[in-house]
Amino acid sequence: MSRRTEKPFWDPDELQAHLQTHTLGRELIVFNRITSTNDFLKRLARRGAKEGATILADEQSAGRGRLGRKWQSPAGKGLWFSFLLRPQLPLDKIGVLSLAIAALIAETLTQQCGKDFRVKWPNDVLLGGKKVCGILCETQMSPTNVEAVIAGVGINVLQTEDDLAVEWRGRATSLFAAGCANLDRKNIFAALLAAFEKNLMGEISPRLPRLVAQWCARCEGLGEPITVLPANMSGLQSESTSGIFESLGEGGELIVRLPSGGLRFFSAGEITIARNMT
Ligand code: BTN
């Protein structure tokens, strides 16, 4: 099913004709402008929307990033969308989903654009060391189960360096600014949905080890000295931890080997890779 909002920036029917999926994106709502595709899809999920429902917007007025940050989502410049998963996974494994999404985005963009996209814990996608895409996965729970995961994806596609927010200059880029070819947003969107449907829908547990291996193959900083700023519900904490990025836990946690030889697990936060520090 496709629904039309007033004069959509992409005709949903035309867009659907482009898709190669059976379920993902077949319930598709396209907005010219919305507060946040994640917020809209969250409301639909609470009302029982099916796995695969997708919201796409040309512009977000209140796009949200991880750790309570704003996500700049200007009109005509990016891919801002959210899709609904209803995975049969326990809550302690849900963290792996956003790693899997990052790995699938990095692989799809590598195929589409012919450049080597990388990932950075927890779920950034990088090109040339700069962030080009972020992922915000939000979980809805029943008392005992994960009911829904709202997976939000923001990809900077057509911004020039000057278009990027001042606080991100030097650390973020867009596909265009990084010199990618083939910047048809419709094609990129269709290729991403195809990869998500193939790998994330239905019985996902048996596929998780392969998806984590794909993430590790593209990961920046694995086995290297890093510094972690952990986060809790109120945001980034001030006390950092340094050590070696040893591996990932079963729920996608960052495992750091401390100078003392012990291991510490982090489930949220941000890392800096020592070789990138100047
Ligand atoms: C991050 O790296 O901090 C995550 C950014 C996620 C942005 C996307 S854009 C579509 C969806 N809607 C939102 O409000 N956020 C996500």
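Helix α2, spanning residues 37-46, is mostly covered, with seven of its 10 residues buried, where buried means under 20% relative accessible area with a 1.4 Å probe and protein chains only. The model is predicted, so local features need pLDDT of at least 70 and side-chain atom pairs count only at pLDDT 80 or more, while totals for chains, interfaces and linings use all residues. Residues are numbered from 1 along each chain as its sequence is written, and side-chain values use heavy atoms, with hydrogens and water left out. Helices (H or I, at least four residues) and strands (E, at least two) are DSSP runs, numbered from the N terminus.

**Helix α2 and its surroundings**

- The buried residues of α2 are Thr37, Asn38, Phe40, Leu41, Lys42, Leu44 and Ala45.
- These buried residues pack against β2 (28-34), β3 (54-60), β4 (78-85), β7 and β8 (146-156), contact meaning heavy atoms within 4.5 Å.
- At the start of α2, a side-chain oxygen of serine 36 comes to within 3.2 Å of the backbone nitrogen of asparagine 38, whereas glycine 48, which follows the helix, has a positive phi near 100 degrees.

**Strands β5, β6 and β7**

- Strand β6 (residues 124-127) pairs in the antiparallel sense with β5 (residues 117-120) over four bridges and with β7 (residues 130-141), again in the antiparallel sense, over three bridges; two strands pair if DSSP finds at least two bridges between them.
- Valine 125 of β6 stands opposite valine 119, and its bridge partner in β7 is cysteine 133.
- The hairpin of β5 and β6 has three residues between the strands, while that of β6 and β7 has two, and in the latter glycine 128 takes a positive phi near 60 degrees.
- Within β6, Asp124 and Leu126 point one way and Val125 and Leu127 the other way, and all are buried.

**The largest pocket**

- The largest pocket has a volume of about 910 Å³, and of the 31 residues that line this pocket, the closest to its centre are Arg66, Leu136, Cys137, Ser267 and Ala268.
- A pocket is here an open set of points on a 1 Å grid over the protein atoms alone, where a 1.4 Å probe fits, with protein on both sides within 12 Å along at least five of seven lines, and lining residues have an atom within 4 Å of a point.
- The volume is the space filled by probe spheres set on the points, which are joined across faces, edges and corners.
- At least two lining residues come from each of α3 (95-113), β7 and β9 (225-232), and β7 supplies the largest share, five residues.

Technical notes:
Buried means under 20% relative accessible area, exposed over 50%, partly exposed in between (1.4 Å probe, protein chains only). A polar contact is a pair of N or O atoms within 3.5 Å; within protein, one must be able to donate a hydrogen and the other to accept it, and residues adjacent in sequence count only if both atoms are side-chain atoms.
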